[in-house]
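User: Please walk me through this structure in plain words. I'm new to this.

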Amino acid sequence: GDDGGSEVIFSVADTGIGIAPEALQRIFTAFEQADGSTTRRFGGTGLGLTISRRLAVMMGGTLTAQSNEAGGSVFILRLPAVLAEEAAADAEAPNDAPQVDLGVALRILVAEDNPANQRIISHFLRPIGADVTMVDNGLQAVKALQTAAFDVVLMDMQMPEMDGLEATRQVRASGGPNAGVTIFALTPNVMESQREACRAAGMNGHIAKPIDARLLLSSVLGAGQAAIANRPAVIDDERAAAKAA
């Protein structure tokens, strides 16, 4: 830009039926649609664009549309680039994140099927120098806990093959050296009934999504201090050999 700043622009185009000029002026209004008749062909509540524009404005950006009835539509989101830079810096090392030297690296197992969430969690754990193992589902988490020692487990609730609740139940019932490991649920479900389901499955705590870095680190460090003093005897021979090499 002329002021030396920059912005990121996302442009999404479709080849649909298009929107008439008079309708284009009101599609961002709540509960409004291009076709307002009771016999319209397409469903929806008329809230998606309203919410999207409000989110864009909250981030200091804009959301606009271009269209005609013959050539489809184009929706354009503009955001100040500084937002992305600040978000990346926060993810790397939160300014007021807890900083505790435990003397050794915490061994943390993260069961999370979303690659983006995996990267975010890894960034958040960097300030404490944790040794992080990532798996994609509950079944892999159960297998990992059968062969390696961990101090803390971060368990997503909804995963393919085996969800977090069933994985936790199996770990607790295993009787193995990791049967008592601290397990935190990672989930957007925050109702009391959902928290109770986590406790009933044997989880020790609940970390809501979107994940707050400070809450995550405080929870992990608190559990880790106790775990280090009484680590299981099981050792992952492959990981130990790799580090020695």
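**Chat about the model**

User: Where does L55 sit?
Analyst: L55 is part of helix α2, residues 48-58. Helices (H or I, at least four residues) and strands (E, at least two) are DSSP runs numbered from the N terminus. Residues are numbered from 1 along each chain as its sequence is written, and side-chain values use heavy atoms, without hydrogens or water. This is a predicted model: local features need pLDDT of at least 70, side-chain atom pairs count only at pLDDT 80 or more, and totals for chains, interfaces and linings use all residues.

User: Which residues make the nonpolar surface patch?
Analyst: I51, L55, M58 and M59 make a patch of about 430 Å². Patch residues have over 30% relative accessible area and no salt bridge; like charges are joined within 9 Å, nonpolar side chains (Val, Leu, Ile, Met, Phe, Trp, Tyr) within 5 Å. A salt bridge puts a side-chain nitrogen of Lys or Arg within 4 Å of a carboxyl oxygen of Asp or Glu. Areas come from the Shrake-Rupley method with a 1.4 Å probe, and for residues only the protein chains shown count as cover.

User: OK, zooming out. How many helices and strands are there?
Analyst: The chain has nine helices and eight strands. Of its 245 residues, 36% are buried.

User: What's the order of the three-stranded sheet?
Analyst: That open sheet runs β1-β3-β2, with antiparallel pairing. Its edge strands, each pairing on one side only, are β1 (7-13) and β2 (62-68). Two strands pair if DSSP finds at least two bridges between them.

User: How many bridges join β1 and β3?
Analyst: Seven, with β3 covering residues 72-80. Along that pairing, F10 faces L77 and S11 faces I76. β2 and β3 also pair over seven bridges, with Q66 opposite V74. Three residues separate β2 and β3, which form a hairpin.

User: What does α2 touch there?
Analyst: α2 packs on this sheet against β2 and β3, its direction making about 140° with that of β2. Contact means heavy atoms within 4.5 Å. Axes are lines fitted to C-alpha atoms, for helices over the stretch in contact, and angles run from 0 to 180 degrees between N-to-C directions.

User: And what about the sheet of five strands, what's its order?
Analyst: It's an open sheet, β5-β4-β6-β7-β8, with parallel pairing. β5 (131-135) and β8 are the edges. On average, neighbouring strands there are turned by 20° against each other, direction ignored. Inside the sheet, β4 (residues 107-111) and β6 share four bridges, and I108 is partnered with V152 in β6. Helix α5 (residues 138-147) packs on this sheet too, touching β4, β5 and β6. α6 lies across β6 and β7 (182-187), at about 145° to β6.

User: Where is E161?
Analyst: In the loop between β6 (152-156) and α6 (164-174). E161 counts as exposed because its relative accessible area is 68%.

Methods:
Buried < 20%, exposed > 50% of the residue type's maximum accessible area, 1.4 Å probe, protein only.
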